[in-house]
Each structure stands twice: as C-alpha cells, then as structure tokens.
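I opened a new notebook page for this one and looked things up in order. Here is the model I had on screen.

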Amino acid sequence: MFWGEYLGANTLICIITISSMLRRATGKADRMKTVIVLLCASILSCSLNAAQTRPAAGTASWYGEAHRGKPMANGQPFNPDQLTAASWFYPLGTQVRVTAYARSGGSVKPVRSVVVRITDRGPAKHLVRDGRIIDLGHAAFKKLASPQKGLVQVKVRPERKRSA
C-alpha cells in the first residue's frame, strides 16, 4: 500500500523535503538535526491520522453528471451512480458512514445514513475552511436529502473493518 494513504499528502511532501535536506546536509550535526525533525514530523503525522478516526461534523455537498467519467484521485473514472465521496480527511479507499442530522426543538437528531467509499479528494480547500467536510457522489447524497437542497449537515465517521 502507498505511504501517502497512511500519512496524508501534506505530511508526505514534508517528509520528502526533509529527506532531501538530509542528503544535502554536510556535517554530522546537520544530519542529526534533520533526523530529529524527520522523526517529529512522523510522530505528528501518526497522531493527526489517529485523530481522523473520530467523527467529524460539518456540511456535505454533492457532485454529479458534470464530472462523470473524469478521473478521480484513485485513478478510476467518476460514476455519480455509485456510493462514493471526496474527502481530504480520510485515506483513499476508506469506507465512512455519513449521517444527516436535523434540528428539532433545540436538539439534533439523526435522520438518514449512508456508507460511502472515499475515492477522490475534495471539497475545494476554500470550502473546507467554511465547514464543508465531504463531497458526496449524487447517488449517495440522494440517500440523505434531496439534491435540490444542495447542502446538508452531517457527521462522518470511518466504518470499522469487519473481520471475516
């Protein structure tokens, strides 16, 4: 399995950059400093990935026909009829449960739920800063809400792998 699926793209880029610095380091002290920074980056990466197993709350959107057939981050063509999603927060191939919530008299209650596979990266970074946490394929979004609604409040949590 590819290292990026465990570490995340930004952390992997950081580690590659530090590794190239290590090769250029001339003295023993420079090499030691670089090794320490590389170890710290690895530990930080592991702790960040462990945090990704907790449920995340935010807004879900959807994408559909306009993207049909275009390659996703996993290399496969996008099919809006499949239960797939795009997320920056989970490794490609991860199955997550997305649960839509409705506010009723001050309380929040789960309404509908769907399990999707993370096959792409998204939403756009500027939307993530505004609370968008996942882009669902059209079929997956329809299981939670009407596509005309456009956005829905959700909680996302990884599904546990079932043992055979």
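**Ground rules**

I am working with a predicted model, in which local features need pLDDT of at least 70, side-chain atom pairs count only at pLDDT 80 or more, and totals for chains, interfaces and linings use all residues. I number residues from 1 along each chain as its sequence is written, and my side-chain values use heavy atoms, with hydrogens and water left out.

**Entry 1: overall make-up**

I began with the secondary structure and found 5 helices and 6 strands. Here helices (H or I, at least four residues) and strands (E, at least two) are DSSP runs, numbered from the N terminus. Read from the N terminus, the order is α-α-α-β-β-β-β-α-β-α-β.

Next I looked up burial: 34% of the 164 residues count as buried. My cut-offs are under 20% relative accessible area for buried, over 50% for exposed and partly exposed in between, with a 1.4 Å probe and protein chains only. The accessible surface comes to about 10,600 Å², and carbon and sulfur atoms hold 58% of it. These areas come from the Shrake-Rupley method with a 1.4 Å probe, and for residues only the protein chains shown count as cover.

I also checked contacts, meaning heavy atoms within 4.5 Å. Of those between residues at least 6 apart in sequence, 67% join residues at least 24 apart.

**Entry 2: the barrel**

How do the strands of the barrel run? I traced a closed barrel of 6 strands in the order E1-E5-E2-E4-E3-E6, with mixed pairing. From one strand to the next, the twist averages 50°. The angles run from 0 to 180 degrees between N-to-C directions, and axes are lines fitted to C-alpha atoms, for helices over the stretch in contact. A reminder to myself: strands of a sheet pair through backbone hydrogen bonds, either parallel or antiparallel.

I count two strands as paired if DSSP finds at least two bridges between them. My look at the pairs gave this:

- E2 and E5 (residues 132-137) run antiparallel and are joined by 2 bridges; alanine 86 stands opposite aspartate 135 in E5.
- E2 and E4 pair in the parallel sense over 3 bridges; threonine 84 has arginine 117 in E4 as its bridge partner.
- E3 and E4 pair in the antiparallel sense over 10 bridges; valine 98 stands opposite valine 114 in E4.

E3 and E4 also form a hairpin with 2 residues between them, and glycine 105 in the turn has a positive phi of about 60°.

**Entry 3: two loop spots**

I stopped at threonine 94, in the loop between strand E2 (84-86) and strand E3 (95-104). Is threonine 94 buried or exposed? Threonine 94 is buried, at a relative accessible area of 19%. Leaving aside residues up to four places away in sequence, threonine 94 touches Val116, Arg117, Ile118 and Pro158.

Then I looked at proline 123, in the loop between strand E4 (107-120) and helix H4 (125-129). The peptide bond joining glycine 122 and proline 123 is cis, with omega about -5°.

**Entry 4: salt bridges**

How many salt bridges does a search of the whole structure find? I got 4, taking a salt bridge as a side-chain nitrogen of Lys or Arg within 4 Å of a carboxyl oxygen of Asp or Glu.

Glutamate 65 and arginine 68 meet through their side chains at 2.7 Å, N to O. Glutamate 65 is exposed at 52% relative accessibility, whereas arginine 68 is partly exposed at 37%. Arginine 68 also meets aspartate 81 in a salt bridge, at 3.0 Å, N to O. Aspartate 81 and arginine 68 both lie in the loop between strand E1 (56-63) and E2, so this pair ties together parts that are 13 residues apart in sequence. Aspartate 81 is exposed, at 53%.

Another salt bridge joins glutamate 159 and arginine 97, with the closest N and O atoms 3.3 Å apart. This pair links distant parts of the chain, 62 residues apart: glutamate 159 is in the segment after strand E6 (152-158) and arginine 97 in strand E3. Glutamate 159 is buried at 18% relative accessible area, while arginine 97 is partly exposed at 26%.
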